[in-house]
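Let's take a friendly walk through a protein model, going from single side chains to the whole chain. Keep the viewer open as you read.

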Amino acid sequence: MSDNVPAALGQAILGSVALGYAPVIDRQRNILATRLTLAPLRAEAGLDHAATLPALSAVWPKGGELLSPKSEALLAELLTHPPAEPVQIEVPAFVAADEARADALLALKAAGHTLVLAGLPNAPLAPAVASAFKHVTLDPSQAAAAPAGVQVMHTGVQGTDAIEASFQAGAVAVIGWPMDGAYSAAPASGKTEIAADLQVIVELMSRVDQGDDIERLEQTLKRDPSLAFKLLRYLNSAAFGLPVEVTSFRHAIMLLGYARLKRWLALLLTTASKDHNMRPIMFGALRRGLLLEELAQSFEEREMRDEMFICGLFSLLDHMLKQPFEKLLQSIPMPERVRQALVDETGPYQPYLELVRAIEAGSLFDIRERCDSLMLAAGELNAAILRALYKASQIE
């Protein structure tokens, strides 16, 4: 996928919709899919429904997507002209109950698409239509009313406790985010402790920040060969786009320099946890970093673009390491502008971070308000979202 393709599509076609995304999480905290919501940005604005879906298909990662149109006209277009690749499609209960839609729904099912019922119908669906749905998305308060034989996915779930409660209530998956606000609990002792499997990365980041020579950096990395392998795998991924294959850590430093290396050490730190419960957090952190980097493409300073990437990655580090940012700063070096955004909630990156949070929440009002304050066009934002989701799929 070339970067100019989604940008052009976003400006021409996606300028009238607001996109949001959230992970679909199973009991083992694996990410089953990404739910992409599409809503008209303004009720009075026209929307080219026939052109929007092909635009998404051109850049949206193949496999693992759950499309959730919040416009009846867009959903109607999706039902009559579905993507060529099989996808999951969330269908509101009132649409599923419409007899005029029955043939289109059954045709989608026959073509290999997976239908997910959104909410409960007022009356039982026709048997043929009902058999097309194996999953239903419900608010946790509605779970007890789910029809027999249909697996329930809870939607709009926020926080680790809420996610666990949904699984205890019988949900097979949840759609939402495990974090709910900033992590503020202080550790029992006044000292900040970093898990042993992350210590090497933190030490590397400190040594790079201090400008240590390559030999010392290599010796540090050799203490954990799996990290060296993972770093090289990231650097050689399609998302990174280097013109040659990186064959060693020394080679990476020669190609990137110390400043650019920091961002990939930050990525290692936020994806190295072996705790399965952290998978949704790592999912969110990677996409935040990539999206903030995409939004910073107009910045003249390369350093600021790298820092925006780090800001997004580190914005969930408090949840990953279960320590407030004030404590984490004692051991993990952060650029000053990143510190301002994460600790003081100020600085040039803070408005962009708030925009990303609004996108994760699917909050149409907040997305509009933050775009307006940043003088950011909807098409430009949506193109950045799709590029970031695509690149995340390439890295993972």
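Leaving out residues up to four places away in sequence, Lys230 touches Leu268, Thr271 and Ala272. The model you are looking at is a predicted one. Lys230 sits in helix 10, which covers residues 225-235. Is Lys230 buried or exposed? With a relative accessible area of 18%, Lys230 is buried, because the cut-off for buried is under 20%. Its side chain reaches the backbone oxygen of Thr271 at 2.6 Å. As for Ala272, its C-alpha atom is 9.0 Å from that of Lys230, although the two residues are 42 residues apart along the chain.

Glu307 is buried, with a relative accessible area of 7%. Which side chain does the side chain of Glu307 meet in a polar contact? The partner is the side chain of Arg337, at 2.8 Å. Setting aside neighbours within four places in sequence, Glu307 is in contact with Pro335, Arg337, Val338 and Tyr349.

**Salt bridges**

How many salt bridges does the structure hold? There are 24. Here are some of them, with N to O distances.

| Glu90 | Arg35 | 2.9 Å |

Take Glu90 and Arg35, whose side chains meet in a salt bridge. This pair links distant parts of the chain, with Glu90 in strand 4 (residues 88-92) and Arg35 in strand 2 (residues 31-40), 55 residues apart. Glu90 is buried, at a relative accessible area of 2%, and Arg35 is buried too, at 10%.

Glu215 counts as partly exposed at 43% relative accessibility, and Arg250 counts as partly exposed at 30%. Salt bridges with shared partners also join Glu203, Arg207, Asp212, Arg216 and Arg223 into one network.

Helix 9 (residues 214-221) has Ile214, Leu217, Glu218, Thr220 and Leu221 as buried residues. Why do these buried residues line one face of the helix? Seen down the axis of helix 9, they fall within an arc of 160 degrees, so they line one face. At the start of helix 9, a side-chain oxygen of Asp213 comes to within 3.2 Å of the backbone nitrogen of Glu215.

Helix 3 (residues 72-80) has its own set of buried residues: Leu74, Leu75, Ala76, Glu77, Leu78 and Leu79. Which residue caps the N-terminal end of helix 3? That residue is Ser71, with a side-chain oxygen 3.3 Å from the backbone nitrogen of Ala73.

**The nonpolar cores**

Now turn to the inside of the protein. The largest nonpolar core has 120 residues, and Phe133, Phe314 and Leu317 have the most contacts inside it. Helix 11 (residues 249-271) gives the most to this core, contributing 11 residues. Apart from this core lies another, of five residues, including Ile25, Val157, Phe167 and Val174. What does Leu317 touch, beyond residues up to four places away in sequence? Its contacts are Leu269, Thr270, Lys322, Phe325, Leu328, Ile332 and Met334.

**The whole chain**

Finally, zoom out. The chain has 19 helices and eight strands. Of its 396 residues, 52% count as buried. Among contacts between residues at least 6 apart in sequence, 62% join residues at least 24 apart. The chain exposes about 17100 Å², and carbon and sulfur atoms supply 53% of that area.

Key:
Residues are numbered from 1 along each chain as its sequence is written. This is a predicted model: local features need pLDDT of at least 70, side-chain atom pairs count only at pLDDT 80 or more; totals for chains, interfaces and linings use all residues. Side-chain values use heavy atoms; hydrogens and water are left out. A nonpolar core is a set of buried Ala, Val, Leu, Ile, Met, Phe, Trp, Tyr and Cys residues joined through side-chain atoms within 4.5 Å. Buried means under 20% relative accessible area, exposed over 50%, partly exposed in between (1.4 Å probe, protein chains only). Helices (H or I, at least four residues) and strands (E, at least two) are DSSP runs, numbered from the N terminus. Contact means heavy atoms within 4.5 Å. A polar contact is a pair of N or O atoms within 3.5 Å; within protein, one must be able to donate a hydrogen and the other to accept it, and residues adjacent in sequence count only if both atoms are side-chain atoms. The arc is that of the directions from the helix axis to the C-beta atoms. Accessible areas come from the Shrake-Rupley method with a 1.4 Å probe; for residues, only the protein chains shown count as cover. A salt bridge is a side-chain nitrogen of Lys or Arg within 4 Å of a carboxyl oxygen of Asp or Glu.
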